[in-house]
Amino acid sequence: MMKRSVKKAKSGRMLPSFLALILGSGLAFNAQANTSTLKVCAASDELPYSNKQQEGFENELAKILADTMDRELEFVWSDRAAIFLVTEKLLKNQCDVVMGVDKGDPRVATSDPYYKSGYAFIYPADKGLDIENWQSPALKDMSKFAIVPGSPSEVMLREIDKYEGNFNYTMSLIGFKSRRNQYVRYAPDLLISEVVSGKADIAHIWAPEAARYVKSASVPLKMVVSEEIAPTHDGEGVRQQFEQAIAVRSDDKELLKEINTALHKADPKIKAVLKDEGIPLL
Amino acid sequence: MREMHHSRWSKIGTALAVSSALGLMSGMSVANDKLVELSKSNENWVMQGKDFSGTHYSTAKQINKDNVKKLRPSWSFSTGVLNGHEGAPLVVDGTMFIHTPFPNNTFAIDLDEPGVIKWEHKPKQDPAARAVACCDVVNRGLAYWPGDDKAPAMIVKSLLDGHVVALNAETGEEYWKVENGDISVGQTETAAPFVAKDLVIQGSSGAELGVRGYVTAYDIHTGEMVWRWYATGPDADVGLDKDFNKHNPHYGQKGLGTSTWEDNAWKIGGGTNWGWYAYDPDLDMFYYGSGNPAPWNETMRPGDNKWTMTIWGRDLETGLAKFGYQKTPHDEWDYAGVNVMMLSEQKDKNGKMRKLLTHPDRNGIVYTLDRETGDLVSANKMDDTANWVKKVDLETGLPIRDPEYGTRMGHRSRDVCPSAMGFHNQGFDSYDPKRELFYLGINHLCMDWEPFMLPYRAGQFFVGANVWTYPGPKGDRQNGIGSGQVKAYNAITGDFAWEKMEKFSVWGGTMATEGGLVFYGTLDGFIKARDADNGKLLWKFKLPSGAIGHPMTYTHEGTQYVAINYGVGGWPAVGLVFDLNDPSAGLGAVGAFKELAKNTQMGGGVMVFALDGKSPYDDVSLGEYGM
């Protein structure tokens, strides 16, 4: 059923009610138009995307964006996970921009995508393994998969009948913390270190999240991006590649226009940062 | 009265040696007969439920309605451990056995001189267990086995890190130790073991962590596993007798442990059982409840999710199920069905004498079944404010739901009663066979439940739930008090002889005596006694810390004592124990019990009471070095 939820999320069938809930909670839409600064909400501790020391690649991209827009950059930090940035910060007018959302996120207005990447298999390069996709026979002999629950990887793990057997391992990666009413982040550097140490047979995660740790791993790792839509037995398939965009509040049309102009102008600089990070760009 | 414990036990040993060969051949256990005998005597309290029927009722009547107001502390013992102290001490042949939450220490105290610790057992445990436990690091108590010619008398306990340990009752030395759950896959153990015949029955916990619930029997002599049966999966794993649910085919029979789940979800389907057991030696059947399905979010597991939330009647020798009745098919509220099972013999409405089983469930219904066939005899609301269900159809066994109080994604269901903590949780209640009344300790708690889905980048999302828990409609929601009740329930008529409100949940359950009294502890740290006939409050005493365990009573040297563990904690006090402030933390427990910290703080120990505080130390020379 997780699969159904994923697909609902993807097709937006589940989101309208969710969105109604947020909009119904009495939000004031009176963003102060301060054109001299660009207020970007960011997580204070969520590498490789962002941290307070501004070591994340999205911190870097925000700087480029603000420069190009000829505005002063102001980070509005949140100690909570970035998954809460839109609902708890952007929609409450505490900032004007959130970096790195899926293109078309129905809660917000999204910019033109500034890059596209995908989920990737990550495994030791020197083990003679050749895994291209979820149909690869070698996956059948594996028992420890480093994945993030609630991601397309989870749906595919169910598809190849490895989800239940892997459940305890998945929970062990967050110290068996209950996820019932709290969000617990799966740290990408941990997932990669599990592959390096051999505790995990393989990882399958969002490549941009893994890139810098793959690059700096103590053993050579192979990163193979999954196909656009991974086939499933019901014929629907599960999306593995996503375009990333910048979020503004839905009514912030002027700002969106300005951001789109800047993104096109800064594209070479943006791509350079992403390449340097080691992110496979599609 | 006084007899040396050593000599008494050795006498039993010789008697057992003669008859044991015969006993084993016929599938009987002489130790079992001894346990039955001990459970009937007022000098002993040899199992958590007092007797195999789990009546929690003592025929002792030295302390009664007329004199209970003279009940005073006799002596006390601090366990040296904070956190929640669930369960109760045991008393066997003049020794009290006291348990603690993690690190699960055990103390043996000589009742003739309680100031001296006879032995103590302090196990080494994987410290990871502490981090994994969901709701404080409680333990629900010890079990006792009286010994035979092959093995000495034993105290059996579970450890938070998943082990079951048998100790020599005389010395406290470890006799055997087995791993019942693997802490490295998130399995912890909080339930009290249950000993019947020569078997130790142990449940499992950790439903949220992918554990498929199971019940296991170990040979008391060796710790060897005899059988293990699961709550979900193929019939061969669930352990169904060939005549399973013969009397009630509409409860479901074959193949449902897999077919009521999508794909292979049964493999991580939960249904763990961390509650209580009862045993009928005549039928040779034992009874318990399996818990909630996993994951908690119902949209992820369509179907009835059998056999979670089920009252089981299983054969003791083989463990095979004779009947299984699922109370809450497809649970949406976390109404884990592991609560106490109390056995009684009563005439039904048609005047027919029946062997019954009564079970106050988390879902707010108190069920009474024929424990031989599994037939539903009655199923009534523990409190009329239970609203997720309109009623239970006795013909089909199905709850008739009120969709208004169902839970669904993106919707805040308001005023759902009971809350996820249930109108009744792990408390051990009591049954008074003279008055034919069950004394129920109740949580009067309701909740708002809001499952939500939060999208994130790259198609990821997080599914969670906000839960707000608060006193039910009969309490004071504004001030966070009035969240408990005590009620006297007749399972045949469905009537309540009386009902009283309490400031907080009556988490630990009740104990009844022939003195016409009902005892219980409260979260804010009182032990109270009420009149069994009308509920009138007759006596109370303020304990050092809140009580989440159940009272027990024993008679020693002609004096009746009442004892109770104190030490606030467990689920209702997670906020207090872990210093949490977010009202929806601990599945709403923090908000529900925010007032508690104004009444009590952590502690841990046992308090023992007698009329006029009579105590071994009335002889002031006892234990003196030099007067």
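This report looks at aromatic ring pairs and at charges over rings in a predicted model. Residues are numbered from 1 along each chain as its sequence is written, and chains are lettered from A in the order in which they are written. Local features need pLDDT of at least 70, side-chain atom pairs count only at pLDDT 80 or more, and side-chain values use heavy atoms, leaving out hydrogens and water.

Let's begin with the rings. Rings of Phe, Tyr and Trp (its six-membered ring) pair if their centres lie within 6.5 Å; planes under 30 degrees apart count as stacked, over 60 as edge-to-face and the rest as tilted. By this rule there are 41 aromatic pairs over all chains.

| Pair | Centre to centre | Angle of planes |
|---|---|---|
| F97(B) and W119(B) | 5.9 Å | 45 degrees |
| W176(B) and Y218(B) | 6.5 Å | 40 degrees |

F97(B) in strand β4 and W119(B) in strand β6 are 22 residues apart; strands are DSSP runs (E, at least two residues), numbered from the N terminus. W176(B) in strand β10 and Y218(B) in strand β13 are 42 residues apart.

Buried means under 20% relative accessible area. F97(B) is buried at 0%, and W119(B) is buried at 6%. In the other pair, W176(B) is buried at 6% and Y218(B) at 2%.

Chain B also holds an aromatic cluster, with F52(B), W227(B) and Y288(B) among its members.

Now for the charges. A charge sits over a ring if NZ of Lys or CZ of Arg is within 6 Å of the ring centre and within 35 degrees of the ring normal. R314(B) has its charged end over the ring of W312(B), 4.3 Å from the centre. R457(B) lies over the face of Y49(A), 3.5 Å from the ring centre.

Technical notes
Helix = DSSP H or I, 4+ residues; strand = E, 2+ residues; numbered from the N terminus. Buried < 20%, exposed > 50% of the residue type's maximum accessible area, 1.4 Å probe, protein only.
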